[in-house]
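Morning, everyone. Please have a look at the model on the screen, and I'll talk you through a few places in it.

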Amino acid sequence: MANSGLFSASKTMKSVKLQFRIPYYTEWGQSLVVCGSEPILGSWNVKKGLLLSPVHQGDELIWTGTITVPCHFNCDYRYYVVDDAKNVLRWEMGNKRSLSLPPLLQEGHSLELHDLWQTGGDALPFRSAFKDVIFCKNSSLDVDRPEVILQEKLDQEESVLVRFKICCPNVEEGTSVYVIGNSTKLGHWKVQDGLKLHFTGEFIWEAYLAIPKGDFPCSTYKYCKYGKNGCFSLEIGSTRELSFDSCKSQPQYIFLSDGMLREMPWRGAGVAIPMFSVRSEVDLGVGEFLDLKLLVDWAVESGFHLVQLLPINDTSVHGMWWDSYPYSSLSVFALHPLYLRVQALSENLAGDIKNEIRNAKECLDGKDVDYEATLATKLSIAKKVFIQEKDFILNSSSFQKFFSENEDWLKPYAAFCFLRDFFETSDHSQWGRFSNYSKDKLEKLVSKDALHHDTICFHYYIQFHLHLQLSEAAEYARSKGVVLKGDLPIGVDRNSVDTWVYPNLFRMNTSTGAPPDYFDKNGQNWGFPTYNWEEMSKDNYGWWRARLTQMGKYFTAYRIDHILGFFRIWELPDHAMTGLIGKFRPSIPLSQEELEKEGIWDFDRLTHPYVRKEFLQEKFGDSWTLIAANFLNEYLDRYEFKQDSNTEKKIAAKVKSSAERSLLPDSEDKIRRDLFDLLKNIVLIRDPENARSFYPRFNLEDTSSFRDLDDHSKNVLKRLYYDYYFHRQENLWQKNALKTLPVLLNSSNMLACGEDLGLIPACVHPVMQELGLIGLRIQRMPGEPDLEFGIPSQYSYMTVCAPSCHDCSTLRAWWEEDEERRRRFFNSVMGCDGLPPSQCVPDVAYFVIRQHVEAPSMWAIFPLQDLLALKEEYMTRPATEETINDPTNPKHYWRYRVHVTMESLMKDKELRETIRGLICGSGRSYPPLGEAEKQLSGETALEKQKQHVGVGDPLIIRIGVSQKKESVGVIG
């Protein structure tokens with residue numbers, strides 16, 4: 001029998017009661033759990049966490065739970081929504097909560113934690129775009145820990161010790177945060193008598209206050225900001241309440257975590273331009289990473305806090321201009337050699353190389369980018385510099401550091417580039433014994449003993465210098481208070497480093513695209529393999545995490561291309577060339593049993609192309625018999641495609657062969673297009689992996705196959721069509737997104753924006769809001785079906801608004817495209833009578849841009865082309881030539897270059913002041929331009945560039961490889 005005397009009062013562990021309290025509305029069957037790092041809270045196993053109990057208090061549903069812990073207890077914790085089996089349905093976003101009990105707690109005391117659910121929006125100030133750039137100065141204020149009131153004083157005053165805690169990222173110099181309220185201790189709403197809070201780091205302000213128990217059960221309060229100059233701003237919204245259950249024993253301590261200080265939300269503006277489109281006086285035929293410094297200077301002078309680029313990864317798959325497509329990555333980690341500034345490779349360039357650079361600049365300085373000539377020239381010059389300096393560079397400590405941090409992707413990339421050039425193809429299935437990647441084969445390929453080792457090292461060398469140059473530009477942007485925003489493509493090229501090294505992560509027999517939408521009524525086929533999400537989940541999406549980590553080295557924000565693909569992707573068979581005959585993955589198909597119960601049974605009729613004689617006559621006229629003989633077999637009262645013509649790729653190949661032999665009665669394009677239309681004349685798509693599952697063809701009502709059905713079948717199929725596309729998938733797609741998107745968001749500290757255009761499922765916007773993802777709004781593509789033009793003044797805060805984007809025509813070109821639409825916009829949106837001008841004159845551009853800067857959206861981001869429309873002298877180029885991409889053309893040449901240099905734009909004070917005036921007048925934040933700020937933020941890139949240019953040698957900028965740059969502080 002144990003001797004109870006061994007456990008004296010002095011030996012037992014002192015404990016306190018800890019109560020969690022959080023208001024949260026759940027749905028039926030849902031509960032809240034608090035889970036944390038200590039065993040008593042489940043050690044991050046949610047099923048072992050503390051299940052909270054709900055109680056209604058006024059209009060709120062309050063969840064509470066109590067545990068007994070040691071007086072010195074500390075832990076991290078987080079709240080979760082679970083079902084009846086404690087399966088996680090959702091969890092708080094942002095950083096984990098940290099709790100460390102103050103040393104004054106005594107045996108038997110109780111502490112209440114009054115928390116608020118952390119949304120994705122609450123986490124935004126801690127993203128690098130705000131923390132490290134826009135609010136950089138505020139996050140580095142001197143930490144001033146508040147004093148904790150002694151227990152003796154609490155006992156004497158019969159008080160409760162309350163800790164007030166608020167997050168306030170935007171606090172100007174000389175301003176403090178206060179809490180004021182209806183009690184004497186809170187100043188009776190007078191800030192001079194209120195409680196001043198202390199900055200404790202990470203935008204957090206805290207203070208302790210002993211509140212007499214007589215002020216309870218309810219005390220009201222608000223937070224405010226008060227400056228030395230007497231400037232006072234009280235948080236918006238209803239008053240906050242501090243209360244506890246008066247029926248129970250009163251706690252000795254209440255720790256409030258009140259989330260964000262409620263004030264008018266921060267809003268900023270940005271400029272968007274592809275890297276290849278930037279033009280400077282020193283570039284070689286294309287925008288270069290170091291040109292970003294000029295662009296940043298112009299952005300600051302014009303009032304912009306953000307510069308947005310298209311993807312900048314290497315796309316050198318085909319060795320021709322097709323590679324200008326920036327979304328088809330050869331490697332998701334490697335940077336594109338196109339953006340290298342060869343002048344900056346060495347401080348000691350030979351005279352013949354300088355002459356070659358000078359001559360190349362003259363040859364390549366064209367209206368548009370000559371992709372092939374520019375890349376070939378840069379690589380040729382870089383090889384010559386590499387031969388001279390390879391030993392010095394490759395043995396330098398800076399290169400060794402770069403190599404050790406990046407070798408996991410750098411070695412496979414260099415080996416791939418070598419094999420691509422050796423076999424003269426990126427199709428790794430044609431590489432013989434190297435077709436199947438292995439680490440052993442890789443090590444042999446990159447071995448120092450290999451005859452081609454210099455070739456391997458050349459690719460290392462190029463990536464090293466690209467890294468240096470982009471890093472320099474990125475650091476410059478941060479120092480100037482400018483967010484550099486990158487772009488995360490949804491896919492990778494099927495002949496890429498990533499599909500070679502990680503074939504199990506991709507469904508190589510499929511292709512990615514988008515169903516018909518604003519961009520293309522026939523759908524899009526991007527040619528990328530779809531992802532094998534099941535396989536990716538096995539290592540918690542390690543490939544994605546590595547991608548985002550790499551991007552975070554340079555960017556402080558990023559755009560998620562086609563974010564809908566993380567909910568569901570439009571999957572096409574690899575033999576498809578167009579984007580119409582696809583299905584969503586994942587999705588719940590129509591089962592054969594389901595269809596048969598509805599009286600649908602003729603599956604061959606519904607899944608095979610429905611081709612009748614009259615259709616052939618209508619499309620091909622008198623030549624229909626020739627087409628039928630070559631491509632089709634007669635079958636009963638209809639026709640079916642021959643085995644060598646039963647896919648789009650087979651048809652395209654056969655049509656091309658027939659055209660080469662002059663056997664076609666019409667143009668190759670028309671014959672191919674008409675045959676494709678016949679091939680797509682189906683109602684259902686049979687699942688190739690499960691013959692008893694079917695998917696309704698997109699826009700099935702538009703097909704003659706559907707129109708020839710009986711009324712019963714039409715009604716059934718219409719109902720099932722709308723169920724498949726707009727109802728039955730919502731829960732599945734929501735769960736899919738909540739598995740994948742949080743991994744992306746937690747892989748880096750960048751601010752994430754999602755391109756959510758197209759056919760939007762109902763679950764998308766709620767999920768984006770929950771995760772703190774910023775959406776995109778383009779005025780000409782409203783999400784509301786009853787609107788022709790979006791209304792910027794009605795956009796929600798968590799959006800980026802823009803008059804156009806790279807996937808559509810510019811504002812000028814859009815204005816000129818359609819006379820009737822132009823008139824409707826002029827009359828209904830601009831409120832003008834009469835006829836609109838035939839061209840987008842500066843007054844029109846000014847109106848549209850002002851609409852957007854005045855919108856509630858967090859960001860208003862403008863393509864540079866739309867900003868140039870503010871001044872007539874920049875409108876001499878035909879508007880159609882300023883379009884970056886045509887989504888309807890899968891082989892579009894991405895080659896647009898701005899027709900004015902950044903140096904010239906920097907000199908145009910009138911344009912800069914016009915833009916800055918729009919931004920300032922809208923209430924958006926803008927980088928300051930005072931003299932003191934200019935001195936602190938350093939010289940502009942243009943000024944530095946002038947200093948580096950030698951007399952009589954305007955092309956050579958000497959930026960040393962090993963030269964160290966001092967960091968420059970961001971101003972306000």
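F584 is buried, at 2% relative accessibility. Buried means under 20% relative accessible area, exposed means over 50%, and partly exposed is in between, using a 1.4 Å probe and protein chains only. W570 is buried too, at 0%.

A word on what you are seeing. This is a predicted model, so local features need a pLDDT of at least 70, side-chain atom pairs count only at pLDDT 80 or more, and totals for chains, interfaces and linings use all residues. Residues are numbered from 1 along each chain as its sequence is written, and side-chain values use heavy atoms, with hydrogens and water left out.

Back to our two residues. The whole structure holds 66 aromatic pairs. W570 and F584 form an edge-to-face pair, with 4.9 Å from centre to centre and 70° between the planes. The rule is this: rings of Phe, Tyr and Trp (its six-membered ring) pair if their centres lie within 6.5 Å; planes under 30 degrees apart are stacked, over 60 edge-to-face, and the rest tilted. Why does this pair tie together parts that are 14 residues apart in sequence? Because W570 sits in strand β27 (residues 569-573) and F584 in strand β28 (residues 583-585). Strands (E, at least two residues) and helices (H or I, at least four) are DSSP runs, numbered from the N terminus. Ring pairs also bring W570 and F584 into a cluster with Y695, F698, Y721, Y722, Y724, Y725, F726 and W733.

Next, P586. The peptide bond from R585 to P586 is cis, with omega near -5°. P586 lies in the loop between β28 and β29 (590-591). Which residue touches P586, F566 and F567, leaving aside neighbours within four places in sequence? N736 does. Contact here means heavy atoms within 4.5 Å. N736 belongs to helix α21 (residues 730-746). With a relative accessible area of 10%, N736 is buried.

Now charges over rings. K96 lies over the face of W44, 4.6 Å from the ring centre. R605 does this with Y610, at 3.9 Å. To count, NZ of Lys or CZ of Arg must be within 6 Å of the ring centre and within 35 degrees of the ring normal.

On to helices. Two packed helices are described by the angle between their axes and the distance between the axes. Helix α6 (residues 371-394) packs on helix α9 (residues 453-479) at about 95°, with axes 10 Å apart. Axes are lines fitted to C-alpha atoms, for helices over the stretch in contact, and angles run from 0 to 180 degrees between N-to-C directions. So α6 and α9 are roughly perpendicular. That word covers 65 to 115 degrees; under 35 is roughly parallel, over 145 roughly antiparallel, and the rest oblique. Residues that meet include L379, F386 and L394 in α6, and F458, Y461 and H465 in α9.

W189 is not a glycine, and its phi is positive, near 70°. W189 is partly exposed, at 34%. S662 is not a glycine either, and its phi is about 55°. S662 is exposed, at 63%.

Last, confidence. pLDDT is the predictor's confidence in each residue, from 0 to 100. The protein chain has a mean of 90, and 92% of its residues reach 70 or more. Over residues 931-938, pLDDT stays under 50. Over residues 944-972 the pLDDT is below 50 as well.
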